[in-house]
Amino acid sequence: MSLQSLRFQLVYKDEYGAKSINRTDIHDFPRFAHRGLLLDTSRHFLPIKVILANLEAMAWNKFNVFHWHIVDDPSFPYLSRTFPQLSQHGAYHPYTHVYTPSDVKMIIEFARLRGIRVVPEFDTPGHTQSWGKGQKDLLTPCYSGASPSGSFGPVNPMLNTTYDFMSMFFKEVNTVFPDAYVHLGGDEVDFSCWKSNPDIQKFMEQQGFGMDYSKLESFYIQRLLDIITTTNKGYMIWQEVFDNGVKLKSDTVVHVWMGNKVEEELQKVTEAGFTTILSAPWYLDYISYGQDWQKFYRAEPLSFKGTDAQKKLVIGGEACLWGEYVDATNLTPRLWPRASAVGERLWSDRDVRDLNDAYSRLAKHRCRMVQ
C-alpha cells in the first residue's frame, strides 16, 4: 500500500481536531509502473528549492519518475566535471544558474528518499545550441550560399571528434546519475543547416544517403546508441528516433509525445515489441480557461488497437511542463493540481473515471497541498 494513501486517504481529524485512523483493509497498487513528470530547466533556470518542492508534491501525488530535461538550446546549466566549459559558456550565468555536482547529488537523494527515480535527458543532435558555446566544432556550421553564415545547426555527425566527446560526456553522466536509464532525446531535428553545408553534402554522397537527411540523423543516433550501450545504461528516446527506423536495443523505451495519430503510433511501437511511455495527452505547458484537468483525466493510455501483449508494453506515462513560459514564479500553480489528474490516471484502475467524484477529491487534495 502506498504511504501517501495512508497519509491522505485514511488519516482524518476527529471532533477535537486530533488525527485518527480507522482500522481498514486496503488493497492499493499502481496500474502503471512508470508515473513520470518532466521539468525543463533550460528555457528558464529553476532554483533547487523549486525542484525539491515539486519532488515533494510528486510524492504526494504518487509520481515515481522525475524526467529532468536539464539542458536544451537556450542554456546548459549542468556543470560537467569533464567539460566545465559547457556550463561556463552555455549557462545563463556560470555560477548562479548552474547545477553543481553536489546540487545534482542532493536532488537525486531527495528524490530517492521519496521513492522517485531521476532520469536525466541530454537531447541531441538537435536542441544543442547551448552545447556549441563551450565545445568547439561540436555543431554543424551553416552556410549561406558558398560562405559560412556564422550560425550553427545540429551536432556535426561527420566528425570523429563528435563521438569522442559524446563518449567521454556520457561516461560522466553514467557515474553522476545512478538510474538504469538515460533519456537521449532525438526529437525535432532541423535538417536545413545540414543541407546547406558542402562538407555534409559530400559526406552524404560518400555514405550513399542520397538526399535523405533522416538517414544522416539515424547514422548519428546509431553511433550514439552504441556509445551508451558501452556504459551499460538503458536508454529512452523520443518517438522520431523509432519513426526514422534507427536500429534500437530491445530494452529501449520509446516516448510517444506527438499529438497527431497517438493511437496509431502506440500500435506501431508496441507491435515492434518496444516498451513505451506516453506523454501526448499531458503537455501541461498548454493552458486554457476553465477546468482543463478533465481532459488530462479522461485520457486513456491503452485505448489503441492491439493485443494484450502489446498493451503490457505500455509501462506508463509522463506529464510534461516545458519551460518556454514557465519559471520559478509560476511553475507550481501551473503544474498543480492539474498534474494530480495525470497522477490518478496512471495510478488508479481504468474504471475509476467519474469526473464529479474526482472533482471533490481533487478539490480537497489541492487544499492539502496548499496547506
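Helices here (H or I, at least four residues) and strands (E, at least two) are DSSP runs, numbered from the N terminus. What follows is a quick tour of a predicted model, where local features need pLDDT of at least 70 and side-chain atom pairs count only at pLDDT 80 or more, while totals for chains, interfaces and linings use all residues. Residues are numbered from 1 along each chain as its sequence is written, and side-chain values use heavy atoms, with hydrogens and water left out.

**Salt bridges**

- There are 14 salt bridges in the structure, each one a side-chain nitrogen of Lys or Arg within 4 Å of a carboxyl oxygen of Asp or Glu.
- Arg361 and Asp357 sit four residues apart in helix α16, about one turn of the helix, and they form a salt bridge with the closest N and O atoms 3.2 Å apart.
- Both partners are partly exposed, Arg361 at 32% relative accessible area and Asp357 at 37% (buried means under 20%, exposed over 50%, partly exposed in between; 1.4 Å probe, protein chains only).
- Salt bridges that share partners link Arg31, Glu300, Arg350 and Arg353 into one network.
- Within the Glu300–Arg31 salt bridge, the closest N and O atoms are 2.8 Å apart.
- Glu300 is in the loop between α12 and α13 (308-312) and Arg31 in the loop between β2 (19-21) and β3, so this pair ties together parts 269 residues apart in sequence.
- Glu300 counts as buried at 13% relative accessibility, whereas Arg31 is partly exposed at 23%.
- Asp137 also forms a salt bridge with Lys136, with 3.7 Å between the closest N and O atoms; Asp137 is partly exposed at 47% and Lys136 is exposed at 70%.

**Arg43 and its surroundings**

- Arg43 is in the loop between β3 and α2 and is buried, with a relative accessible area of 16%.
- Its side chain makes polar contacts with the side chains of Asp40 (3.1 Å) and Asp72 (3.2 Å).
- A polar contact is a pair of N or O atoms within 3.5 Å; within protein, one must be able to donate a hydrogen and the other to accept it, and residues adjacent in sequence count only if both atoms are side-chain atoms.
- Leaving out residues up to four places away in sequence, Arg43 touches (heavy atoms within 4.5 Å) His69, Asp72, Pro74, Tyr92, His127, Trp322, Gly323 and Glu324.

**Helix packing**

- α15 (338-347) is mostly covered, with ten of its ten residues buried.
- Those buried residues pack against β3 (34-40), α12 (293-298), β12 (314-321), α14 and α16 (355-370).
- Helices α6 (residues 160-176) and α9 (residues 213-230) pack at about 35 degrees with axes 10 Å apart; axes are lines fitted to C-alpha atoms, for helices over the stretch in contact, and angles run from 0 to 180 degrees between N-to-C directions.
- Residues meeting across this pair include Tyr163, Met166 and Phe170 in α6 and Phe219, Leu224 and Ile227 in α9.

- Most residues other than glycine have a negative phi, and most peptide bonds are trans.
- Cis peptide bonds join Thr124 to Pro125, with omega about 0 degrees, and Trp336 to Pro337, with omega near 5 degrees.
- Lys62 has a positive phi near 65 degrees and is buried at 12% relative accessible area.
- Glu188 has a positive phi of about 45 degrees and is partly exposed at 46%.
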